[in-house]
Structure formats: C-alpha cells, structure tokens
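Subject: Structure handover

Hello,

Here is the structure I promised to pass on. Please open it first, then read my notes below.

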Amino acid sequence: MKNIACLLLLTFIRPAQAAIYPPNQATILSGSVFDFKIELDSVIAKSDLRVTINGRPYEEVLGSPAQFVKKEDSLNASALILRDALIKEAGTYEVIVNAGVEKHKASWTVYSASKRTAKNVILVIGDGMTVAHRTAARV
C-alpha cells in the first residue's frame with residue numbers, strides 16, 4: 001500500500017520546467033505572425049536573462065523587443081512575452097535561453113510557401129434556396 005501511495009505521489013508531483021513557445025520542433029510559416037513566450041521556473045532579474053536565436057539576440061531575428069514580466073500572474077516565476085513576432089526567412093532556427101543557472105533549447109523549422117492563385121472560382125448565389133438546396137450545394 002505504501003508503494004502505491006508513493007507511486008501516485010511521484011506521478012502527480014513533478015519538478016517545474018521552463019517552457020519556450022512555440023515549443024520544440026514547431027513548424028512556422030515565414031512571414032506569419034505568432035506569439036513568442038518563455039516561461040521560467042523562478043523569479044530572475046531581466047539582466048540575468050539571455051535569449052538567442054541562431055546565435056543572434058532574439059530582437060534582431062523576431063523584429064522587436066519582448067516584454068519582461070518579473071513575477072507572472074502572482075506566480076513565483078518570470079516570463080518573457082512577445083506578441084506578433086515575425087520570422088521573414090525560411091530555415092532552421094535554434095532558440096537558446098540562459099536564465100541564471102537554467103539553460104533551455106528549442107528548435108523551429110520555418111518554411112516558405114509559394115505564391116498560390118485561385119484557378120477556378122465558383123460563385124453560388126442562393127436567393128430563395130430551401131434547406132435541401134443549401135445542403136446539396138454544400139455537398
């Protein structure tokens with residue numbers, strides 16, 4: 001019985017872990033906006049946080065500086081948040097976060113999509129259509 005209780009306790013109690021968003025192995029479309037966030041395990045000073053993407057400061061790659069939150073939502077943890085981040089060039093990006101003694105990594109794949117144009121457009125004007133007609137048009 002003791003072993004089961006210990007196993008259950010260990011299952012539900014795990015050490016907190018910092019998180020990088022988008023997460024590791026994320027795929028991102030070049031030129032699209034996304035939210036960039038780093039959640040840390042503890043409260044740290046802004047001067048102790050260093051974030052690089054492919055060896056360059058994140059501000060250069062993502063286009064603008066993020067907001068540093070010393071104590072996020074009354075938790076005992078800091079965060080770095082950047083809304084509407086943007087990566088213009090396709091490739092593989094490695095994010096490295098150094099926060100005091102903590103070190104975290106994530107890798108992203110940014111791809112580009114070719115310009116696509118519509119070839120065939122069907123316009124249905126359904127004035128006076130019954131439910132059956134709308135269902136048939138949808139199928």
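Start at Leu49. Leaving aside residues up to four places away in sequence, Leu49 touches Leu40, Ile44, Phe68, Leu80, Val97, Asn98 and Ala99. Keep in mind that this is a predicted model.

Leu49 belongs to the largest nonpolar core, which has 28 residues. Leu49 is among those with the most contacts inside this core, together with Phe36, Val51, Leu62, Leu80, Val95 and Trp108. Which elements give two or more residues to the core? They are strand 2 (26–29), strand 3 (33–39), strand 4 (49–53), helix 2 (58–62), strand 7 (79–86), strand 8 (91–99) and strand 9 (102–111). Strand 8 gives the most, with four residues.

**The chain as a whole**

The chain has three helices and nine strands. Along the sequence they follow the pattern α-β-β-β-β-β-α-β-β-β-β-α. Of the 139 residues, 30% count as buried. Take the contacts between residues at least 6 apart in sequence: 59% of them join residues at least 24 apart.

The average pLDDT of the chain is 85, and 88% of the residues score at least 70. Where is confidence lowest, and where is it highest? The lowest mean, 51, is in helix 1 (residues 2–12). The highest is in strand 5 (residues 56–57), at 96. Treat residues 7–15 separately: pLDDT stays under 50 there. For that stretch the model has zero contacts beyond four places in sequence.

Four strands form an open sheet, in the order 1-3-7-6. The pairing is antiparallel. Strand 1 (19–21) and strand 6 (67–69) stand at the edges. Each has a single partner strand, so one side of each is left without a neighbour in the sheet. From one strand to the next, the twist averages 15°.

Inside this sheet, strand 3 and strand 7 pair in the antiparallel sense over six bridges. Ile38 stands opposite Leu80 in strand 7. That is the Leu80 listed among the core residues with the most contacts.

Now look at Lys37 in strand 3. Is Lys37 buried or exposed? Its relative accessibility is 18%, and buried means under 20%, so Lys37 counts as buried. Not counting residues up to four places away in sequence, Lys37 touches Ala19, Ile20, Tyr21, Glu72, Ala79, Leu80 and Ile81. The side chains of Lys37 and Glu39 are joined by a polar contact of 3.1 Å.

Strand 9 pairs with strand 8 in the antiparallel sense, over nine bridges. In strand 9, Val110 is the bridge partner of Gly91. Strand 8 and strand 9 form a hairpin with two residues between them. Gly100 sits in the turn, with a positive phi of about 65°.

Strand 9 also pairs with strand 2, here in the parallel sense, over four bridges. Leu29 stands opposite Tyr111 in strand 9.

Strand 9 has two faces. The covered face holds Glu102, His104, Ala106, Trp108 and Val110. The uncovered face holds Lys103, Lys105, Ser107, Thr109 and Tyr111. Trp108, on the covered face, is also one of the core residues with the most contacts.

**Backbone points to check**

Most residues other than glycine have a negative phi, and most peptide bonds are trans.

- Tyr21 and Pro22 are joined by a cis peptide bond, with omega about 0°. Pro22 is in the loop between strand 1 and strand 2.
- Gln25 is in the loop between strand 1 and strand 2. Gln25 is not a glycine, yet has a positive phi of about 65°. At 67% relative accessibility, Gln25 counts as exposed.
- Asp84 lies in strand 7. Phi of Asp84 is positive, near 55°. Asp84 is exposed, with a relative accessible area of 55%.

Over to you.

Best wishes

Note on methods: Residues numbered from 1 in each chain as written. Predicted model: local features only at pLDDT ≥ 70, side-chain atom pairs only at ≥ 80, totals over all residues. Heavy atoms only, no water. Core = buried A, V, L, I, M, F, W, Y, C linked by side-chain atoms within 4.5 Å. Buried < 20%, exposed > 50% of the residue type's maximum accessible area, 1.4 Å probe, protein only. Contact = heavy atoms within 4.5 Å. Pairing = 2+ DSSP bridges. Axes fitted to C-alpha atoms, helices over the stretch in contact; angles between N-to-C directions. Polar contact = N/O pair within 3.5 Å; in protein donor to acceptor, adjacent residues only side chain to side chain. pLDDT = per-residue confidence, 0-100.
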